[in-house]
Amino acid sequence: MNGTIRVGTRESALAMAQSRLIVNLLESRFSGLKFELVGMKTRGDVLLDTRLDLIGGKGLFVNEIENALIEDKIDMAVHSMKDMPAVMPGQLTIAAVSEREDPRDVLVTTNGQSLKELRNGAVVGTSSIRREVQLLALRPDLNVRQLRGNVLTRLDKLGAGEYDAIVLAAAGLKRLGLHEKCGRCFSVEEMIPAIGQGILGVQVRKGGKMQELVNSVNSPDTWLALEAERSFMVRLNGGCSTPVAAHAVISGNEMKIMGMLAVNDGKTVLRAAVEGDKRQAPTLGERLADLMVQNQRSMGDC
């Protein structure tokens, strides 16, 4: 393979750091290849004053990068899988996923307080409705406010006193070398992570040597966990548009996937889990989604 392989990514510090992890992995396998990171600004990086679900959702972080891939301006793209919408362009595919980094969410405060220790009515910042509904299920008195921007910008706003606490992904903090901020992690049971949280995906055009090259660094068990979580998301896509979360854990040949569905305008948080053979990952995700829909219908919500 001749020339330099162009790797598309968002241009934030975190996205660049994550893309370097993938490049390092590929370079360790293919020492003769050269890679170039191509940073891009997406609409999600520009439109910071509005909730994502009101202006297009997760696709705002990937559309420009996917278009560059389709137009052959880049050769591959690195995405946080939690940012990937349920459907991608037909000519593109995820050829490999990384091993999963810490999937948990973290409560970050200036003085290390836990969620229970926050004052009554504390202002907590997050850009995620998934986090908001689960936070309010744990502490209904909290004042959850919109918080957009990259990780360092959010930490600056916390330091400036605009929020009593903010919620971030442990994976992002650790990939930025900010391990000291991860002292107050939520368990995956009390705050179920976003679908694909902690997983990096490498997207390429279908067919050809690039797909084969990238597939060689795929993490098999992470792939199965992601399949289960995304099949849960896809299965629910035809129902009500409400916040969802799912997290799959593999032990040997067994998989457990837990899920969350918020209904009644986020006032009620439904949770469920299913277990089975990891080789049936997509089916397990669909079973969990069907169980959620049954529970939702029993409430007369949709």
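Predicted model: local features only at pLDDT ≥ 70, side-chain atom pairs only at ≥ 80, totals over all residues.
Residues are numbered from 1 along each chain as its sequence is written. Local features need pLDDT of at least 70, side-chain atom pairs count only at pLDDT 80 or more, totals for chains, interfaces and linings use all residues, and side-chain values use heavy atoms, with hydrogens and water left out.

**View A. Asp105 and Arg130 form a salt bridge.** The term means a side-chain nitrogen of Lys or Arg within 4 Å of a carboxyl oxygen of Asp or Glu. Here the N to O distance is 2.9 Å. Asp105 sits in strand E5 (105–108) and Arg130 in helix H5 (129–138), so the contact ties together parts 25 residues apart in sequence. Helices (H or I, at least four residues) and strands (E, at least two) are DSSP runs, numbered from the N terminus. Both residues are buried (under 20% relative accessible area; exposed is over 50%, partly exposed in between; 1.4 Å probe, protein chains only).

**View B. Arg184 pairs with Glu117.** Their N to O distance is 3.7 Å. Arg184 lies in the loop between helix H7 (170–175) and strand E9 (200–205), Glu117 in the loop between E5 and strand E6 (123–126). The two are 67 residues apart. Arg184 is partly exposed at 35%. Glu117 is partly exposed at 45%.

**View C. Asp221 bridges to Lys278.** The closest N and O atoms are 3.1 Å apart. Helix H9 (220–236) carries Asp221; Lys278 is in the loop between strand E12 (268–277) and helix H10 (281–298). Asp221 is partly exposed at 34%, whereas Lys278 is buried at 14%.

**View D. Arg6, Asp72, Asp75 and Arg205 form one network.** Salt bridges with shared partners join them. The structure holds 19 salt bridges.
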